[in-house]
Amino acid sequence: MRQRTVVMYVEIGCFVSCLCGWVLNCSTLATEYWIVSESASVVLAAGDYYSNLWMDCVADTAGVSDCKYYPSMLDLPVFLHVCRALAVVSVIFGFWGAVLALIGMKCTKIGGSELVNARITFAAALTYMASGFSGMIVYSWWGDKTRSEFVDPYFLELKFELGAALFIGWGGSCLLICGSAVLGYFSGRESFPKRFNKQPRRPPTYMTARTRRTYMLPGSSRHTTVIIPASHQSYIESRASRVSGVRRGTQESQSSRSVRPILPPIDSAV
């Protein structure tokens, strides 16, 4: 009972961690500051440029910002399409992970038996982990592209730096991955007890089967080999010789008793 209570509190903590990570990843989709750049070569023309998955924005010194969505979806690079897809997949996996976790956790008591609840929780952990890795790929790929363009001396266009949304996404993805890993470990121990609780092997005995096929034979037709240590061999031989000697003596005594003396025939004439 105490172990079940500890596991229940661990599941609650992992669920809260994964839920917070999923909320942070969702917030990055609506944040414009994925990459930022400041142009201050001329005071009157100074401004901030920033963009995200959906639009490019610019803000002047007066605080007035103007955003413009990407004009054509088919004209966008493959990099942007893949990042959009992975970001949406991360949000969807996080949502279904929350649904499965609420059904399978011990504190909700919505599922069926303990085994069924553990397997549902294990599925929720895998879903949360897929969400975390999808988000981590998006933010890491975007950050690596921005860094490579910034340090490239032959890149003549406007250079950007890492925005706040990438750091928020990294933190949310780490929460998802860590929480799902711990949740998967504890739920996996209950879902697959035979793999985690291995029984110790039995010590070898003197009686062993000759082949593996003999295990499939009936009990009367199995051939076994008895291995007797050398120390007991002499004892068994001496005992067998004594038993055979005793038996031979008893048989001779019995045969001598059973034989009657043969008397000569009595002459009828006498």
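Let's start with Arg 147, which at 47% relative accessibility counts as partly exposed; partly exposed sits between buried, under 20% relative accessible area, and exposed, over 50%, with a 1.4 Å probe and protein chains only. Arg 147 makes a salt bridge with Asp 144, and their closest N and O atoms are 3.5 Å apart. A salt bridge here is a side-chain nitrogen of Lys or Arg within 4 Å of a carboxyl oxygen of Asp or Glu. Both residues lie in helix α3, 3 residues apart, which is about one turn of the helix. Asp 144 is partly exposed too, at 41%.

A word on what you are looking at: this is a predicted model, where local features need pLDDT of at least 70 and side-chain atom pairs count only at pLDDT 80 or more, while totals for chains, interfaces and linings use all residues. Residues are numbered from 1 along each chain as its sequence is written, and side-chain values use heavy atoms, with hydrogens and water left out.

How many salt bridges are there by this rule? The count comes to 3. Another one joins Lys 145 to Glu 149, with the closest N and O atoms 2.6 Å apart. Because these two are 4 residues apart in helix α3, about one helical turn separates them. Lys 145 is partly exposed at 32%, and Glu 149 is partly exposed at 23%.

Then there is Glu 190 with Lys 106, where the closest N and O atoms are 2.8 Å apart. Is Lys 106 buried or exposed? Lys 106 is buried, at 6% relative accessible area, whereas Glu 190 is partly exposed at 27%.

Now the overall layout. The chain has 6 helices and 7 strands, taken as DSSP runs numbered from the N terminus, with helices being H or I of at least four residues and strands being E of at least two. From the N terminus on, the order is α-β-β-β-β-α-α-β-α-α-β-β-α. Of the 270 residues, 27% count as buried. The accessible surface comes to about 19,000 Å², and 64% of that belongs to carbon and sulfur atoms; the areas come from the Shrake-Rupley method with a 1.4 Å probe, and for residues only the protein chains shown count as cover. Among contacts with a separation of 6 or more, 59% are between residues 24 or more positions apart, contact meaning heavy atoms within 4.5 Å.

On to the inside. In soluble globular proteins, nonpolar side chains tend to be buried together. Here the largest nonpolar core has 25 residues, and those with the most contacts inside it are Phe 15, Trp 34, Leu 53, Leu 80, Cys 83, Tyr 128 and Trp 142. The elements giving two or more residues to this core are α1 (2–29), α2, α3 (114–151) and α4 (164–191), and the largest share, 7 residues, comes from α2. By core I mean a set of buried Ala, Val, Leu, Ile, Met, Phe, Trp, Tyr and Cys residues joined through side-chain atoms within 4.5 Å. What does Trp 142 touch beyond four places in sequence? Its contacts are Trp 34, Ile 35, Asn 52, Leu 53, Phe 79, Leu 80, Cys 83 and Leu 166.

Thr 121, in helix α3, is buried at 0%. Leaving out residues up to four places away, Thr 121 touches Glu 11, Gly 104, Met 105, Leu 183 and Ser 187.

Next, the strands. β2 and β3 run antiparallel, joined by 5 bridges, and a hairpin of 3 residues connects them; two strands pair if DSSP finds at least two bridges between them. Asp 48 has Ala 59 in β3 as its bridge partner. β3 also runs antiparallel to β4 (residues 65–69), again with 5 bridges, and Asp 56 stands opposite Lys 68. In β3, the covered face is Met 55, Cys 57 and Ala 59, and the uncovered one is Asp 56, Val 58 and Asp 60.

Last stop, the surface. Val 88, Ile 92, Phe 95 and Trp 96 form a nonpolar patch with about 390 Å² of accessible area together. Patches take residues with over 30% relative accessible area and no salt bridge, joining like charges within 9 Å and nonpolar side chains (Val, Leu, Ile, Met, Phe, Trp, Tyr) within 5 Å. Ile 92, in helix α2 (residues 78–104), is partly exposed at 44%.
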